[in-house]
Amino acid sequence: MTTPVAPREVCTECDPAELRTLFLFEKLDDEQLDRLCREGHVETIEPGFVYTEGEPADCLYVLIEGTVAMSRKVGEDSVEVNRTSQRGVYGGAYQAYLGDRVPQVYQNSLRAVEPSRFYVLGAECFAQIMDEWFPMAVHLLEGLFFGGKATREALGQRERLLALGSLTAGLTHELNNPAAAAVRATASLRERVAGMRGKLRVLAGGKYERAAFESLIELQQRAAEKVSKAPKLSPMQASDAEDELSDWLEAHGISDGWQLSPVFVQAGFDVAWLDQARETVGDGMLESALRWLNYTVETELLMNEIEDATTRVSTLVGAAKQYSQLDRAPFGVVDVHDLLDSTLLMFSGKIGHGVKIVKDYDRSLPHIPAYAAELNQVWTNLIDNAVSAMGGTGTLTVRTARDEDSVLVEFGDTGPGIPAEIRERIFEPFFTTKPVGEGTGLGLDISWRIVVNKHHGDLRVESRPGDTKFQVRLPIEQGQPEQPA
């Protein structure tokens with residue numbers, strides 16, 4: 001909806017001498033001032049909006065007398081950023097000389113606080129005058145504008161690549177561990193299966209009745225089922241249980257029983273279970289049966305290890321897909337907790353063991369419309385800053401909550417805090433406290449543009465020694481998504 005514009009009274013008289021008293025025009029000669037008066041005009045505008053942010057920039061406005069307030073949109077709110085009565089301040093189509101290379105819209109809103117007089121010049125005329133009168137200055141301004149924009153884009157891309165490279169290194173490390181474990185377990189499993197074939201040959205060549213084999217198969221099935229329900233023992237408990245089983249095996253004539261007992265303990269066997277096994281197969285078949293069961297248990301344990309390792313790999317790959325959002329639409333309704341979990345999992349290799357992660361999630365929060373991949377970039381930047389600030393040791397707390405019509409995502413760290421003298425600058429492009437080569441100073445700037453400009457949200461920081469919190473607020477409902485930040 002268009003904001004109502006204040007009533008205007010068009011004044012046809014434009015005095016070159018009055019224009020010369022404005023700092024913007026004080027260095028112009030008489031001919032130039034005469035042209036400004038011919039091409040432009042003076043308007044008296046009653047209290048109200050002179051122009052509004054986002055509308056086509058048609059005119060340049062220069063304050064002659066009165067008071068104006070400038071404001072910018074932050075989410076659904078309009079925030080006043082400046083109020084002045086200084087003669088000569090200007091606003092509106094001041095980038096018209098850049099032409100179609102940039103969107104020619106008002107970058108802010110200007111409001112007359114009291115009846116105010118303005119010199120008004122059409123955007124096309126202003127652009128033409130700039131090109132004719134100040135060609136060198138225009139070239140310098142173009143270079144400054146587009147050069148700065150290109151630099152920010154290039155370094156912003158490098159910032160993303162640095163984060164991606166860091167995450168990729170961590171992900172590679174995380175994937176390597178379960179993959180290597182699966183390879184080792186597979187090699188061991190192949191050896192155990194070969195041993196089982198050999199033991200089966202020995203059993204088949206003995207003088208055992210059919211009933212004895214059936215009892216052995218039943219015992220094997222019971223053993224395999226027990227492995228899946230085996231309790232987790234402490235090292236001390238496991239050592240005591242192994243000693244107890246070793247004594248039982250030795251007492252029943254099982255040679256080298258101490259080699260069998262660790263596997264049996266891991267499978268959850270105890271003396272009572274071994275007594276039941278002895279009753280099932282009898283003393284004559286006991287040693288062969290127990291060694292056969294040892295192979296059975298080992299294969300079950302190795303298959304469990306392979307399953308755990310491959311599940312871990314699958315989980316990491318799923319987290320990588322969730323983080324990158326490569327298989328999804330750029331904009332959609334998302335659960336912020338899924339995004340946070342995938343980023344934390346991707347970051348686990350870099351976070352290290354010295355940082356404790358605390359998740360304080362409000363799972364009742366509604367899903368929100370968002371650019372998921374870009375929010376993951378925000379989480380990455382904020383987590384990276386928190387971990388760096390703590391020097392690899394401390395507590396990272398990730399909290400979610402509802403804050404009126406927004407979802408709050410908070411990242412807290414126990415680092416030294418942000419000094420008050422630089423707190424106002426941390427969101428500035430290229431500002432960084434990291435050593436040269438370790439940061440571009442664009443991480444928080446990128447995060448700000450993604451949260452504020454693209455999602456109409458809010459990003460702020462609260463900090464004191466030992467307790468720094470970056471708070472992201474994202475609207476639960478929003479209209480048409482913005483173009484990429």
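In the predicted model, the buried residues of helix 8 (residues 271-281) are Trp 273, Leu 274, Ala 277 and Val 281, where buried denotes a relative accessible area under 20%, exposed over 50% and partly exposed in between (1.4 Å probe, protein chains only). Helices (H or I, at least four residues) and strands (E, at least two) are DSSP runs, numbered from the N terminus. Because these four residues of helix 8 cover an arc of only 100° around the axis, they lie on the same side of the helix; the arc is that of the directions from the helix axis to the C-beta atoms. Gly 282, with a positive phi near 85°, follows helix 8.

Residues are numbered from 1 along each chain as its sequence is written, and side-chain values use heavy atoms, with hydrogens and water left out.

An open sheet of 5 strands with mixed pairing has the order 11-13-14-16-15; two strands pair if DSSP finds at least two bridges between them. Strand 11 (355-360) and strand 15 (458-464) form the edges, each pairing on one side only. From one strand to the next, the twist averages 15°. Strand 11 pairs with strand 13 (residues 394-403) in the parallel sense over 6 bridges, and Val 358 stands opposite Thr 397 in strand 13. Helix 11 (residues 372-390) packs on the sheet and touches strand 11, strand 13, strand 14 (406-413), strand 15 and strand 16, contact being defined as heavy atoms within 4.5 Å. The direction of helix 11 makes about 25° with that of strand 14; axes are lines fitted to C-alpha atoms, for helices over the stretch in contact, and angles run from 0 to 180 degrees between N-to-C directions.

Arg 473 is found in strand 16 (residues 467-475) and is buried, with a relative accessible area of 15%. Its side chain forms a polar contact of 3.4 Å with that of Gln 471. Such a contact is a pair of N or O atoms within 3.5 Å; within protein, one must be able to donate a hydrogen and the other to accept it, and residues adjacent in sequence count only if both atoms are side-chain atoms. Beyond neighbours within four places in sequence, the contacts of Arg 473 include Asp 403, Ser 406 and Asp 458.

Gly 417, in the loop between strand 14 and helix 12 (420-423), is partly exposed at 23% relative accessible area.

Conventions. Predicted model: local features only at pLDDT ≥ 70, side-chain atom pairs only at ≥ 80, totals over all residues.
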